[in-house]
Amino acid sequence: MSTRDELLGRIRRSQPAARPLPPLPEFEAPPPSVAAFRAALERMGGHWAELPAGGRLASHVAALFPDAQVVCSATDEVRGRRALDPALPPASLADVDVGVVRAALGVAETGSVLLTESQLVVEAIGFLPQHLLVLLDPARIVPTLHQAYCDPAFGLARYAVFLTGPSATADIEGVLIHGAQGVRSLTVVPLAEVPSRPGSGTGAA
Amino acid sequence: MKPVDHAEASSHFIQASDHIEFHDRRLWDLRTKRDRETATIPEWEQLRTLASQIKEHTLSHLADYLEQFERQAQANGVTVHWARDAAEHNQVVHDILAARGARTLVKSKSMLTDECEMRPFLEQRGIAVIETDLGERIQQLDDEPPSHIVVPAVHKLRSDVAEVFARTLGTDPANSDVHYLAESQRQTTRPHFLQADAGMTGANFAVAETGAIVVCTNEGNADLSVHLPKVYIASVGIEKIIPRTEHLGVFVRMLSRSALGSPITQMTSHFRVPRPGTEMHVVLVDNGRAERLGMADFWTSLKCIRCGACMNTCPVYRRSGGLSYGATYSGPIGVIIDPTYNLRKYSALPFASTLNGSCTAVCPVRIDIHDQIFKWRKVIAERNALPFAKRQAMKMGGKLLASPRLFRAAVEAAGAGVEYLPRVMLYSRLNAWGKQREVPAAPAMTFRQWYLKHRGRP
């Protein structure tokens, strides 16, 4: 008998009497608020950087990362120095200083942003760069993870990740370090999404 | 096999007084943060009940959900493997790697691969395995197992890490700055991510409905382990299955709040379909779980989501250190699952508890941990597996507690004994309570004497 069939048989014989699956209630949640998202994000070590009134996104990015040599963008809104193409070998992003992506949604409860391969283009852009800049449409903030998990992406995307602030560790004496293995900083720029123009590429340099 | 002597092993840890003080304080700090965080969620207790019910439902239909997961994962282009035990798991992983000529494997934290002792198995066969979580890497370089399921190197101080890294990574032995040490590990691990032939993760959850593997980390090392190499292997214990995506809302809201007192881990990653040109494999591992599922008193321990809250709150764990349990799983949850792996080897562990019930009170999936600890003691006593001294002491204790007259006489005699007996008799090997602590001074009056005086009719 195959391992699979032997195991499934053993499990069936061991299973306790059937227990019902409880329905999930509608949890009461405060209406999603930008202020709550921002507070949760900052608590998790992320930065919140609104565009100055009348300011341009390009100069905003330049001001946030004055020393950045290589900016690589998966968005239409920011033009990086390097184009992000799905065919790129992921390791070729190792020298990227700042990655730029647009979040699918934000979660006010935790300060998380949801990203899938549709937003990331190359998945590693969320982890290999030194810094990550995330554009988030404030209209796409949901109250809690319960609403976030209703997003169809979880059944459709190859990969989906909630990113909440930068990579972090407290494995030595509980001392908090940002930039363990992934990005050293994560900055969210609230910016309404403008429907993309037909024919515009993804962040061509 | 010799049984693990938890008390003896912990005495070494207890002797290092600055270590144990820090260990105690750090873990209690995590417990305090957990309390603060859970108090902000009005539906917290409701979430615990839901999580428990979802897990119990899933475990009672586990075979069906495993089949659904397998079908869905295969439809996603994932190869699903099954393993009866640790040996078969390790062989499956090695076969995948060897068939592709893989020589290096970067991996994120997985208690299951520790349980299977996979690393030495692969290393003996010429495959370099690199742990990429900072705490797990420290433990790998020091050739020690993790001492805690969430914070693997919590028993070490920065000076210990500086010594390990100086010896293995060539860092400055005099520099024990935490930022310097963490940065050194980051810099030395990064080339491994970029060059590794294969990547591996464990799983926090596996969703039957979508075939997704869910991994929660703070460092981002799981995502780097998956998104750079061409081959990804996930090792998954069969009890990690949950029915649907919507259930993740319940579990993910509780996991990091229970573990570290943070609302969520920095990364919560859902791996479902391999990216073009790469492979994804899932190894579903039993290794004793099906047998545990059939144990009427102990099957609910399979609900565990490995948050470590029971360890952080346990006074015995905090003051004895995870390594003294001599098992992959330590602390209260370890105490109730280790005996299912080897009853004789772990027969002393259920006695590493004061039965205070704090573990049960913080468990996010409502496992009755301290009740199960007590039930294991009964199993062990019935099998005559108690050490001689404990058996005699329990016999004596049983007689005393069964007779009010004998009990009163003993209490009064003990009070006098602490006062008048010479130290050499009190702090000898015969009195376990006199080890590493002063026996407290007896109060002037026993409770019974006080009661008779103030309330009593004789």
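Two residues are taken to be in contact if their C-beta atoms, placed from the backbone, lie within 7 Å. The model is predicted: local features need pLDDT of at least 70, side-chain atom pairs count only at pLDDT 80 or more, and totals for chains, interfaces and linings use all residues. Residues are numbered from 1 along each chain as its sequence is written, and chains are lettered from A and ligands numbered from 1 in the order in which they are written.

1. Chain A overall. Chain A has six helices and twelve strands, where helices (H or I, at least four residues) and strands (E, at least two) are DSSP runs numbered from the N terminus. The C-alpha trace of chain A spans about 65 × 50 × 45 Å along its principal axes. Of the 205 residues in chain A, 47% are buried. A residue counts as buried if 20 or more other C-beta atoms lie within 10 Å of its own, as exposed if 12 or fewer do, and as partly exposed in between; here too the C-beta atoms are placed from the backbone. Among contacts in chain A between residues at least 6 apart in sequence, 74% join residues at least 24 apart.

2. The six-stranded sheet of chain A. Strands of a sheet pair through backbone hydrogen bonds, either parallel or antiparallel. Chain A has an open sheet with parallel pairing, in the order S1-S12-S7-S4-S2-S3; two strands pair if DSSP finds at least two bridges between them. Its edge strands are S1 (47–48) and S3 (82–83), each of which pairs on one side only. S4 (residues 98–102) and S7 (residues 131–136) of chain A are joined in parallel by five bridges, and Gly99(A) has Leu132(A) in S7(A) as its bridge partner.

3. Strand S12 of chain A. S12 (residues 185–190) of chain A is mostly covered, with five of its six residues buried. S12(A) pairs in parallel with S7(A) over six bridges and with S1(A) over two bridges. Which residues stand opposite Val188(A)? Trp48(A) is one of them, and Val134(A) is another.

4. Val134(A) and the nonpolar core. Leaving aside neighbours within four places in sequence, Val134(A) is in contact with Val101(A), Ala103(A), Val113(A), Leu186(A), Thr187(A) and Val188(A). A nonpolar core is a set of buried Ala, Val, Leu, Ile, Met, Phe, Trp, Tyr and Cys residues joined through C-beta atoms within 7 Å. The largest such core has 175 residues, of which Ile125(A), Val134(A), Ile213(B) and Phe251(B) touch the most other members. Helix H12 (residues 245–259) of chain B gives the largest share of this core, seven residues. The core lies between domain 1 (1–35 + 296–386) and domain 2 (41–287) of chain B because both give residues to it; the domain bounds come from an automatic or database domain assignment.

5. The contact between the chains. Chain B puts 68 residues into the contact and chain A puts in 58 residues. On the chain B side there are 31 nonpolar, 20 polar and 17 charged residues. Here Ala, Val, Leu, Ile, Met, Phe, Trp, Tyr, Cys and Pro count as nonpolar, Asp, Glu, Lys and Arg as charged, and the others, Gly among them, as polar. Strand S9 (residues 159–163) of chain A pairs with strand S9 (residues 267–271) of chain B in the antiparallel sense over five bridges, with Leu163(A) opposite Met267(B).

6. Helix H1(A) against helix H4(B). The axes of H1 (residues 3–14) of chain A and H4 (residues 62–75) of chain B come within 8 Å and cross at roughly 145°. Axes are lines fitted to C-alpha atoms, for helices over the stretch in contact, and angles run from 0 to 180 degrees between N-to-C directions. From H1(A), Leu8(A), Ile11(A) and Arg12(A) meet Leu62(B), Ala63(B), Leu66(B) and Glu67(B) of H4(B). These residues divide into five nonpolar, no polar and two charged.

7. Helix H16 of chain B. H16(B) is mostly covered, nine of its eleven residues being buried. Its cover includes helices H14 (309–313), H15 (315–318), H17 (358–362) and H18 (369–382) of chain B. Pro332(B), in H16 (residues 331–341), is buried because 30 other C-beta atoms lie within 10 Å. Beyond four places in sequence, the contacts of Pro332(B) include Cys310(B), Tyr317(B), Cys359(B) and Ile369(B).

8. Leu323(B). This residue is in the loop between H15 and H16 of chain B. Is Leu323(B) buried or partly exposed? Leu323(B) is partly exposed, because 19 other C-beta atoms lie within 10 Å. Leu323(B) is 179 residues from Glu144(B) in sequence but 8.6 Å from Glu144(B) in space, C-alpha to C-alpha.
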